[in-house]
Amino acid sequence: AQEFEQSRIIKFTPPDACRLELMRFRTQYNGQDLPFSVRAAVVVQGAYVELQAFINMSSTALTPTRVTSVKYCENVMIRFPVPTQWIKALWTMNLQRQKSLKAKMNRRACLGALHEVESDPVIQVSVGTAKYESAYRAVVWKIDRLPDKNTSSDHPHSLSYKLELGSDQEIPSDWYPFATVQFVMHDTCASGTEVKSVGIESDLQPQKHVIQKAFYNCQVEIEKKWIRLDGEDPDKAGNCLMQ
């Protein structure tokens, strides 16, 4: 502590062959500066339930930080929780063995696209991969990089999965779902605290050891919607509508 007060340099002796955490502290962060936004909704229509999720890059993320580069996110993972009553509908039988239903790539999927409800459960994504993972009890959408290399930087991306449920498998009244969003951004300092260099004894180039990146972990509320069909009880429908 005395050394830091005099030189503003943190000196420490790390243990051998160990991964260590030197410092952790709270910081305020302006959410408007996030590189992309996620919007998700669960829509109930009769015996069908559909999850719709959309990703839109923010204008700040599309602004080049250097002359030839644009900020991008890596290892994007978005988890959408699934109620226990719906899990069976997300598995298929193949050669007498259960398998998790994987996403079907559909790059033509776009924001607000109209399509008919299919009889079989289908997961569709416009980028990346998605499937139900029992470890999280959620449909997990994984994207290697945003913006995607094969599409324009401002192109929105979407995920949807549709389930045909029985009459007793509607949205649970006590289910208030949140999507968990995780990703990594290089050359980013979310807290405002920046390490200039890391040096060791007899090291001629201490700056080469510094790799700056930020790990993001946030939650997005999933909106619940009910599309009432003719003859449905309006009171029953109202119970599943979140204001």
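Biologist: Let's start with R24 and E21: buried or exposed?

Modeller: R24 is exposed, and so is E21. Please keep in mind that this is a predicted model.

Biologist: What makes R24 and E21 a salt bridge?

Modeller: The closest N and O atoms of the two residues are 2.9 Å apart. A salt bridge asks for a side-chain nitrogen of Lys or Arg within 4 Å of a carboxyl oxygen of Asp or Glu, so the pair qualifies. Side chains of opposite charge can pair when their charged atoms come close.

Biologist: How many salt bridges does a search of the whole structure find?

Modeller: The search finds four. One of them joins the side chains of E3 and K11, at 3.5 Å from N to O.

Biologist: Why does E3 count as partly exposed, and why does K11 count as exposed?

Modeller: Partly exposed covers the range between the buried limit of under 20% and the exposed limit of over 50%. E3 has 34% relative accessibility, so E3 counts as partly exposed. K11 has 62%, so K11 goes into the exposed class.

Biologist: And what makes K142 and E133 a pair?

Modeller: Their side chains meet in a salt bridge, with 3.4 Å from N to O. K142 is called partly exposed because its relative accessible area is 38%. E133 has 16% relative accessibility, and that is why E133 counts as buried.

Biologist: Now the surface. Which residues make the nonpolar patch of about 650 Å²?

Modeller: F4, I10, F12, L20, L22, M23 and F25 make that patch. F12 sits in the loop between helix 1 (2-7) and strand 1 (36-45).

Biologist: Which residues are the closest to the centre of the largest pocket?

Modeller: The largest pocket has a volume of about 2300 Å³. Of the 40 residues that line it, L22, M23, T193, V195 and I211 are the closest to its centre. Strand 12 (residues 213-221) gives the most to the lining, with six residues. By class, the lining has 22 nonpolar, nine polar and nine charged residues.

Biologist: What about the backbone: what makes R8 and N75 worth a remark?

Modeller: Most residues other than glycine have a negative phi, and most peptide bonds are trans. R8 has a positive phi, near 60°, and is not a glycine. N75 has a positive phi as well, of about 55°, and is not a glycine either. R8 has its place in the loop between helix 1 and strand 1, whereas N75 belongs to strand 3 (residues 73-81).

Biologist: Why are R8 and N75 called exposed?

Modeller: Exposed means over 50% relative accessible area. R8 has 53%, so R8 is exposed, and N75 has 56%, so N75 is exposed.

Biologist: And what is the peptide bond from L146 to P147, cis or trans?

Modeller: That bond is cis, with omega near -5°. P147 is found in the loop between strand 9 (138-146) and strand 10 (157-164).

Notes. Residues are numbered from 1 along each chain as its sequence is written. This is a predicted model: local features need pLDDT of at least 70, side-chain atom pairs count only at pLDDT 80 or more; totals for chains, interfaces and linings use all residues. Side-chain values use heavy atoms; hydrogens and water are left out. On a 1 Å grid over the protein atoms alone, a cavity is a set of points where a 1.4 Å probe fits but cannot get out, and a pocket is an open set with protein on both sides within 12 Å along at least five of seven lines; lining residues have an atom within 4 Å of a point. Grid points are joined across faces, edges and corners, and a volume is the space filled by probe spheres set on the points. Helices (H or I, at least four residues) and strands (E, at least two) are DSSP runs, numbered from the N terminus. Ala, Val, Leu, Ile, Met, Phe, Trp, Tyr, Cys and Pro count as nonpolar, Asp, Glu, Lys and Arg as charged, and the others, Gly among them, as polar. Patches are made of residues with over 30% relative accessible area and no salt bridge: like charges are joined within 9 Å, nonpolar side chains (Val, Leu, Ile, Met, Phe, Trp, Tyr) within 5 Å. Accessible areas come from the Shrake-Rupley method with a 1.4 Å probe; for residues, only the protein chains shown count as cover. Buried means under 20% relative accessible area, exposed over 50%, partly exposed in between (1.4 Å probe, protein chains only).
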